[in-house]
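Subject: Structure for your review

Dear colleague,

Please find below the structure I am handing over to you. My notes on it follow the display.

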Amino acid sequence: MVKPNIWEFIGQGAKMNGCDPAAYEQARVDVLNALPGKLTGYDCPICKNKGAVYVLREMEIVSRPCECLTVRQVNAMLEKSGVSEALKQKTLGNFIAKKGWQQTILEKANAFIEDDSALGFALLGQVGCGKTHICIGIVNALLAKGIPAMYMPYREEISVLKKTQLDESFGERMDWLKRVKYLYIDDLFKGKINDSDISLMFEIINDRYLNNRPILVSCEKNIDELREIDEAIASRIYEMCGKYRINIARDDMKNQRMKS
Ligand SMILES: [Zn+2]
């Protein structure tokens, strides 16, 4: 049996309706646009998950990339970024800056995002004053702009790295930590620290330092305490973060967690 040709079928319909050739071509475009595609992760009402939209240009059917491709790229980056659903909700826009020093931090964060030459942003000191919220807010803002950024929760990541040091995945993981455009290290040197923790962190931070790849750091230790742990790491953080290095003095009044 001969399969009915959909174009002839539409053409006959168009002819029967006395349609002009433009209407016939448009009918073909409509059929193409209605076909479902195979892209996953985001349900696009415009291209029906084909990633392309068909249009008529001077009586010729041409396709253009659908705008959902940008959304899909950002989603893919978010998945690779390590930013969980809960952390995605923390933005600079919803950081509540009640006091002057919080306002200063927020202003620095916004300036950092706009500063293409900035190589680092560090919030050091004081426990529980919203350091992670601000830094993850920067990461989310960068991702929203389509700039690859990665969230590295120090304690979890360092334990994974040490456990997998002999695995094939180790090199790939280290490469990603070294090469991603922006890397946010959360709670650096939290907990007990040994030589292998220091040497892994030095490898990552030094590689980024040598290649001008920005870092964001939040840490409960101040720069002098970091120096006591490792002079080389501390001096690189100090230099990379420059004017975006903020030390929050220890003062229980600043502890947001204690208030709530
Ligand atoms: Zn689409």
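Predicted model: local features only at pLDDT ≥ 70, side-chain atom pairs only at ≥ 80, totals over all residues.

The protein chain has 260 residues, of which 25% count as buried. Its secondary structure consists of 12 helices and seven strands. Of the contacts between residues at least 6 apart in sequence, 70% join residues at least 24 apart.

The sheet

Five strands form an open sheet in the order E4-E5-E6-E3-E7, and their pairing is parallel. Strand E4 (149–153) and strand E7 (245–248) are the edge strands, each pairing on one side only. From one strand to the next, the twist averages 10°. E4 and strand E5 (residues 182–186) run parallel and are joined by five bridges; Met 150, for instance, has Leu 183 in E5 as its bridge partner. Helix H6 (residues 131–144) lies across strand E3 (120–125), E4, E5 and strand E6 (215–219), and runs at about 160° to E5.

The nonpolar core

The largest nonpolar core comprises 42 residues, and those touching the most other members are Ile 138, Val 139, Leu 183 and Tyr 184. At least two residues of this core come from each of helix H5 (100–114), E3, H6, E4, E5, H9, E6 and H11. H6 gives the most, with seven residues. Leaving aside residues up to four places away in sequence, Tyr 184 touches Cys 135, Val 139, Ala 149, Met 150, Tyr 151, Met 152 and Leu 216.

Helix H11

Which residues of helix H11 (residues 231–241) are buried? They are Ile 233, Arg 236, Ile 237, Met 240 and Cys 241. Seen down the axis of H11, these buried residues fall within an arc of 110°, so they line one face of the helix. The buried residues of H11 are covered by elements including E3, helix H9 (195–210), E6, helix H10 (223–229) and E7. On the face turned away from the buried side, H11 carries the exposed residues Glu 231 and Glu 239. Just after H11, Gly 242 takes a positive phi of about 45°.

Yours sincerely

Definitions and conventions. Residues numbered from 1 in each chain as written. Pairing = 2+ DSSP bridges. Helix = DSSP H or I, 4+ residues; strand = E, 2+ residues; numbered from the N terminus. Axes fitted to C-alpha atoms, helices over the stretch in contact; angles between N-to-C directions. Contact = placed C-beta atoms within 7 Å. Buried ≥ 20, exposed ≤ 12 C-beta atoms within 10 Å, placed from the backbone. Arc of directions from axis to C-beta. Core = buried A, V, L, I, M, F, W, Y, C linked by C-beta atoms within 7 Å.
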